[in-house]
Amino acid sequence: MRRIQIFDTTLRDGEQSPGCSMNIHEKLEMARQLERLGVDVIEAGFPIASPEDFESVQTIAREITGCRVAGLCRAVKGDVDCAWQALKDHPNPVLHIFLATSDIHLESKLHLTREEALEKVREMVAYAKSMCADVEFSAEDASRSDRDYLVQVFDAAQEAGASVLNIPDTVGYATPGEMEELVRYVKTHLKHPDQVILSVHCHNDLGMGVANSLAGMLGGAGQIECTVNGIGERAGNAALEEIVMAIKTRASAYQVQTGIDTRQIYRTSKLLSTVTGVPVPPNKAIVGANAFAHESGIHQHGIINNRLTYEIMSPESVGIYQSRIVLGKHSGRHAFEERLEQLGYRIPDSVLEQSFEKFKVLADHKKVVTDRDIEALVSSNHYQIPETYKLESFVVNSGTVISATAVVKLVKDGESKEHVARGEGPIDAAFKAIDRIVKQNFPLKNYSIQSVTEGEDALGEVVVKILREEETIVGRGLSTDIIEASIKAYLNAINKAIL
Ligand code: KIV
Ligand code: ZN
C-alpha cells in the first residue's frame with residue numbers, strides 16, 4: 001500500500017490561532033508526544049516570527065530525533081538564514097519556504113508580478129538547498145492560483161532543489177472534487193513528477209479540510225499537512241486524527257497507509273487540550289467525549305449484541321480504554337501503576353509518585369476512580385513547574401443575602417501567608433485574596449469548568465487563562481470541590497507566570 005507522510009503543523013499553523021499559544025516547555029512536551037504518535041514531520045514553528053519561536057524550533061530540533069523537524073520561512077533570505085540556524089542541529093531538518101501564487105495575493109499583498117514571484121522562488125529555494133538537503137516549497141493560496149502559473153512555479157522550485165511541493169487550500173475554498181483534480185493536474189503537468197512528493201494543506205473554512213485532504217491524496221498527494229484537534233487559523237486546519245482514522249478505517253477504499261500509532265491519538269489530543277486550555281467539543285470525531293458513547297436504547301442494545309452494529313472503529317484503536325478493574329481507596333500503588341500502563345502512560349517515577357498521591361486523595365473523596373479521572377490527574381501533572389505558591393487552606397462564605405468573602409492561606413518558602421477579600425462571588429473573592437498575597441494582578445482572561453466524569457462526586461476540572469503582558473498563561477486545577485479546583489487552577493497559572 002502507498003505510504004502517506006503525515007506532516008504535523010500543530011506547533012506552527014495550529015499554534016498561530018487565537019487561544020492556542022504555547023510556551024517553549026509546552027511545545028517541547030507536545031513535540032515529544034507527536035514523536036510517539038509517529039508523525040513523519042513536525043513543523044515546529046516560524047523561527048523569524050519571534051525570539052521565542054526561534055528558541056522553540058531550535059530546542060525541538062535538538063531534542064526530537066524520531067521524526068523530521070521543519071521550520072517555516074517566507075521567500076526571504078533573512079527568514080531562510082534564521083530558520084536554518086534554528087534547525088541545523090537536527091539530523092534531518094526541513095526548510096519550508098512559502099510564497100503566494102494567486103493573483104489576489106501577488107497584487108494585493110505582495111505587490112509582485114508573476115515573473116518577480118517566480119524569480120524569488122527560484123532564488124530562495126536554491127539558497128535554502130545550498131544549506132539543507134530537504135526543502136519544501138508551498139504555493140500559498142494554490143487552490144485560487146492560475147493552474148499553469150502554479151505548475152510553472154512548482155517546476156522552478158523543483159529545479160532549484162525542492163523535494164516536496166505543497167498545494168495549500170489556504171482559505172478553505174476548494175471542494176473535494178476540485179482539490180483532487182488540482183493535485184492530479186499538477187502531477188500530470190510537472191516536468192518531473194516522479195522525483196518530487198506532492199503535499200496538500202487544507203484549511204477548514206467550509207468544514208471540508210479533511211475531505212479536501214483525502215481528495216488531494218486520491219489525486220496523487222503523498223503528504224498531508226494537518227493539526228491535532230484541527231486547530232489552526234480561523235476555522236482551523238484539517239484534523240490529523242480524522243485523516244489518519246479515515247485512512248485506517250477505510251483502508252479498502254483508500255488503499256494507503258500512514259506510519260501513525262493510532263493508539264496514541266487520544267493522548268495527543270488530550271495533551272494539546274490540556275496545554276492550550278482549548279476544550280475538545282464533545283461531538284468532535286474520533287476524540288470527542290461522545291465519539292464512542294451510545295445513548296439511545298436501540299444503539300445500546302445493538303452494541304451489547306455486537307459492537308460492530310454501531311462502532312466502525314474501536315475506542316481502543318485510538319487509545320481510549322475502558323477498564324473492567326475499578327480503582328478506589330483500597331487500591332494500591334501497584335494497581336494504579338498497572339492501570340496507567342494499560343492506558344498507555346509511560347511517565348517518570350517522580351511524576352508517578354505525585355500522581356499516586358493525588359490519586360489517594362481523590363479516592364478518599366470519590367467512591368470509584370475512573371480512567372477519565374486518572375487521565376485528568378496525570379495530565380495535570382505534566383508540567384512540573386515549581387509550586388512557588390501552594391494552597392494550604394481556604395474558607396469561603398457566600399449566599400444571596402451576604403457578599404462573598406474568602407480567606408485563603410498559601411505557603412511560600414515554608415512560610416504561611418493569609419489574606420481575606422470580598423468579591424462578586426466565592427471564586428472572585430478567592431482570586432482577589434490570592435492577588436493580595438501574591439501582590440500581583442494578572443488580568444483573568446478566561447475561566448471554564450467542566451466535570452471530568454458524571455456523578456455527584458465527579459472531579460471538576462477548571463481552566464483559567466491569565467494575561468502576563470501580551471502573553472496568555474493557562475492554569476488548570478482539579479478537585480471534587482469546584483472552589484478548590486478554581487483556586488488550584490489560578491495558582492497554577494500564577495506559578496507559571498512568575499517562573
Ligand atoms: O495555509 C497556508 O497556505 C500555509 C502555508 C504557509 C503552507 O499555512
Ligand atoms: Zn495554513
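Two strands count as paired if DSSP finds at least two bridges between them. The views below come from a predicted model.

**View 1. Eight strands close into a barrel.** Around the barrel, the order is β2-β3-β4-β5-β6-β7-β8-β9. The pairing is parallel. On average, neighbouring strands of this sheet are turned by 25° against each other, direction ignored. Strands of a sheet pair through backbone hydrogen bonds, either parallel or antiparallel.

**View 2. Strands β8 and β9 pair side by side in the parallel sense.** Strand β8 covers residues 197-202, and strand β9 covers residues 223-226. Three bridges link the two strands. Look for His-201: opposite it, in β9, stands Glu-225.

**View 3. Three residues coordinate the zinc ion (ligand 2).** Asp-13 uses OD, while His-201 and His-203 each use NE2. The distances are 1.9 to 2.1 Å. Along the chain, the donors follow the spacing D-x187-H-x1-H.

View 4. His-201 has 5% relative accessibility, so His-201 counts as buried. His-203 is buried too, because its relative accessible area is 4%.

Key:
Residues numbered from 1 in each chain as written. Chains lettered and ligands numbered in written order. Predicted model: local features only at pLDDT ≥ 70, side-chain atom pairs only at ≥ 80, totals over all residues. Heavy atoms only, no water. Helix = DSSP H or I, 4+ residues; strand = E, 2+ residues; numbered from the N terminus. Axes fitted to C-alpha atoms, helices over the stretch in contact; angles between N-to-C directions. Donors = N, O, S within 2.8 Å, 3.2 Å for Na, K, Ca; no water. Buried < 20%, exposed > 50% of the residue type's maximum accessible area, 1.4 Å probe, protein only.
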